[in-house]
Amino acid sequence: MSSGAYVKPKRHKIRLMALEAALLLVALLYLYPFYYLFESAVKPAKDFYTPLKFPSKLIGDNFAKVFERVNFPLALLNTVLVCAGTIVLVVLVSSMAGYMISRRKERTFQLIFFLFLTGMIIPLQTSMVPIYKLGISLHLINTRSLLVLLYTAGTIPFATMLYTGFTKNIPRELEEAAHIDGCGRTRTFWTIIFPLLLPATGTLIVTTLFTFWNDFAGPLLYLTDPNKMTLITQIFRFKSERASDWGPIFALCFLCTMPLIIIFLFTQKYLLQGMTAGAVKG
Amino acid sequence: MRTNHMRSSYLHALVFVLPALVIFLTFVYYPFLSSLYYSFTLWDGINKPVFIGFQNYRDLFHDTLVRHAALNTLYIVVFCAIINNPLSLFLALLLHKPLKMKSFLRTAFYIPVILSMVVVSVIWGNLLQYEGVVNAVIEKLGMGALLHDWLGELSTALIAVILINVWYATGYGAVIYLAGLASIPTEIYEAALIDRAEGWTKFRHITLPLIMPSVTICTFLGMVGSLKFFDLPYVLTNGGPGDATSTLALVIYDFAFKNGTFGYATAAGILFMVLILLLTTVQLRYTRRREVEY
């Protein structure tokens with residue numbers, strides 16, 4: 001905590017090592033469910049109810065069954081489409097809005113910002129029925145576009161806040177110089193400001209990606225066509241169909257989680273920043 | 001000429017904000033305002049809604065299902081707050097020390113955050129079943145009397161759900177507390193050292209007041225998160241056994257999409273929002289007042 005301020009006695013060092021060992025043990029316990037997920041995906045069914053023994057052998061049958069019963073590539077494609085669509089849309093509209101809200105002093109813009117913030121407290125359960133109806137009347141029910149629009153709308157408050165904050169650190173002189181050189185507002189934004197907002201965009205992507213990928217309520221309510229289902233809804237459907245054939249269910253869960261773990265390991269630094277940035281302003 | 005230029009640039013500025021505003025109003029505010037209207041109607045989602053005034057709200061107060069779900073939700077919120085929060089803080093205090101494996105430890109504790117609640121349900125549903133790992137360990141330790149069908153028994157199901165959430169969310173809270181701890185200037189600790197403030201005294205009088213902003217945020221996020229509990233009880237237990245783990249979010253979903261009582265469901269949704277507003281406002285007031293400047 002206050003390192004370097006005084007000389008650490010030896011006892012202190014030993015205590016620190018003991019603490020480290022204890023924490024390591026707890027951390028491994030914490031990670032156990034991840035190991036269990038992997039183990040259950042690769043062990044034969046007959047070993048399933050002797051949970052503490054190591055699998056008698058490792059098999060790929062569970063994965064084969066998944067690919068037989070579930071159109072995994074299609075579900076993956078749907079998930080990627082929904083995530084990518086949402087990210088593109090939310091980055092576009094929120095960066096523009098956040099930038100302007102930060103730059104303009106008029107009441108209108110502050111009011112719009114406030115409106116966005118109040119939207120954060122409305123839970124899905126309050127509006128899920130009208131959203132369903134809206135989806136029908138806009139002919140968007142059972143489409144991936146509806147999910148994209150819903151996620152975008154739900155992320156606009158946080159994203160706009162993020163961009164508003166980041167814009168404050170960009171000097172105005174930059175825009176004025178561009179203006180003098182004959183650059184219009186729109187071009188100034190896209191060629192000068194937007195690239196400078198890239199760190200905010202990165203933070204936004206890594207903090208929200210997991211939410212979009214993992215969302216269950218949205219597809220459950222507004223998607224019925226199996227061909228449009230995302231990975232998470234496929235797990236749920238698969239689980240309901242094959243009540244106690246756990247091996248393949250775990251294999252599917254493993255396949256759906258792997259991409260997230262990989263993304264997580266590469267982006268955890270930025271994820272941390274995003275989590276605390278979102279929290280500090282929450 | 002000048003005012004004209006200003007006007008056009010004002011309109012131009014509005015154009016920047018417009019796409020976000022339109023999407024937001026269409027998919028957040030319009031549904032919310034229609035909910036307000038539908039909550040006063042008798043409506044099955046197919047026929048025309050019939051205005052019935054406050055009838056839905058009156059019925060909600062006498063609905064035992066709702067009362068039970070509200071109680072469960074409150075239990076979850078309160079227990080998550082009083083278990084997760086101190087645990088996160090404790091973990092953060094330990095992880096803040098100069099440990100060698102710091103980065104591995106942090107990763108290990110906050111990685112559950114990336115899991116989908118559906119996957120969490122599949123994993124923990126199996127760990128906690130009668131033939132599952134948890135019971136196997138209990139038996140190995142020679143405590144056979146403690147064996148339970150954790151999610152299938154009335155007395156333990158809610159506790160199990162709360163503990164799963166502890167596993168899921170403690171690391172997330174710790175990350176926020178770690179950020180709070182990192183922002184405390186070291187001079188303050190050096191001053192404390194001169195005053196011989198150590199251990200509990202140091203924590204109570206220096207660390208805790210200074211990280212109150214993190215406490216505010218952690219409690220807020222935790223409360224909102226647990227109030228909205230839907231995926232976990234829906235996939236894990238579907239509210240059962242009986243209605244031991246049913247939550248408000250879950251019964252509202254059932255009212256709308258199982259029973260087809262859309263008007264009633266929206267009224268419950270509105271009440272749900274009011275409850276969230278009330279609880280979080282009280283909490284924010286309470287913890288904000290304890291924040292100090294430095």
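**View 1. The buried residues of helix α11 of chain A are L231(A), I232(A), T233(A), Q234(A), I235(A), F236(A), F238(A) and K239(A).** Buried means under 20% relative accessible area, with exposed over 50% and partly exposed in between (1.4 Å probe, protein chains only). Helix α11 of chain A spans residues 231-241, and eight of its eleven residues are buried, so the helix is largely enclosed by the rest of the structure. Helices here are DSSP runs (H or I, at least four residues), numbered from the N terminus.

This is a predicted model, in which local features need pLDDT of at least 70 and side-chain atom pairs count only at pLDDT 80 or more, while totals for chains, interfaces and linings use all residues. Residues are numbered from 1 along each chain as its sequence is written, chains are lettered from A in the order in which they are written, and side-chain values use heavy atoms, without hydrogens and water.

**View 2. N78(A) lies in helix α3 (residues 72-103) of chain A.** N78(A) counts as buried, because its relative accessibility is 0%. Its side chain reaches two backbone oxygens, that of N227(A) at 2.9 Å and that of K228(A) at 3.3 Å. Apart from neighbours within four places in sequence, N78(A) is in contact (heavy atoms within 4.5 Å) with R144(A), N227(A), K228(A), M229(A) and T230(A).

**View 3. The largest nonpolar core has 184 residues.** Such a core is a set of buried Ala, Val, Leu, Ile, Met, Phe, Trp, Tyr and Cys residues joined through side-chain atoms within 4.5 Å. The residues with the most contacts inside this core are L23(A), I235(A), F250(A), F27(B), V120(B) and Y234(B). V120(B) touches L115(B), G125(B), I164(B), W167(B), Y168(B) and L232(B), leaving out residues up to four places away in sequence.

**View 4. Chain A and chain B meet through 90 residues of chain A and 92 residues of chain B.** The area buried between chain A and chain B (accessible area lost on being put together, 1.4 Å probe, summed over both) is about 8600 Å², and carbon and sulfur atoms give 81% of it. Helix α12 (residues 246-281) of chain A supplies the largest share of the side of chain A that touches chain B, 16 residues.

**View 5. M273(B) is found in helix α13 (residues 262-288) of chain B.** M273(B) has a relative accessible area of 9% and is therefore buried. Not counting residues up to four places away in sequence, M273(B) touches I121(A), I122(A), P123(A), T126(A) and F32(B). M273(B) and L227(B) are 46 residues apart in sequence, and their C-alpha atoms are 9.9 Å apart in space.

Technical notes: Buried area is the accessible area (1.4 Å probe) that two parts lose on being put together, summed over both. Helices (H or I, at least four residues) and strands (E, at least two) are DSSP runs, numbered from the N terminus. A polar contact is a pair of N or O atoms within 3.5 Å; within protein, one must be able to donate a hydrogen and the other to accept it, and residues adjacent in sequence count only if both atoms are side-chain atoms.
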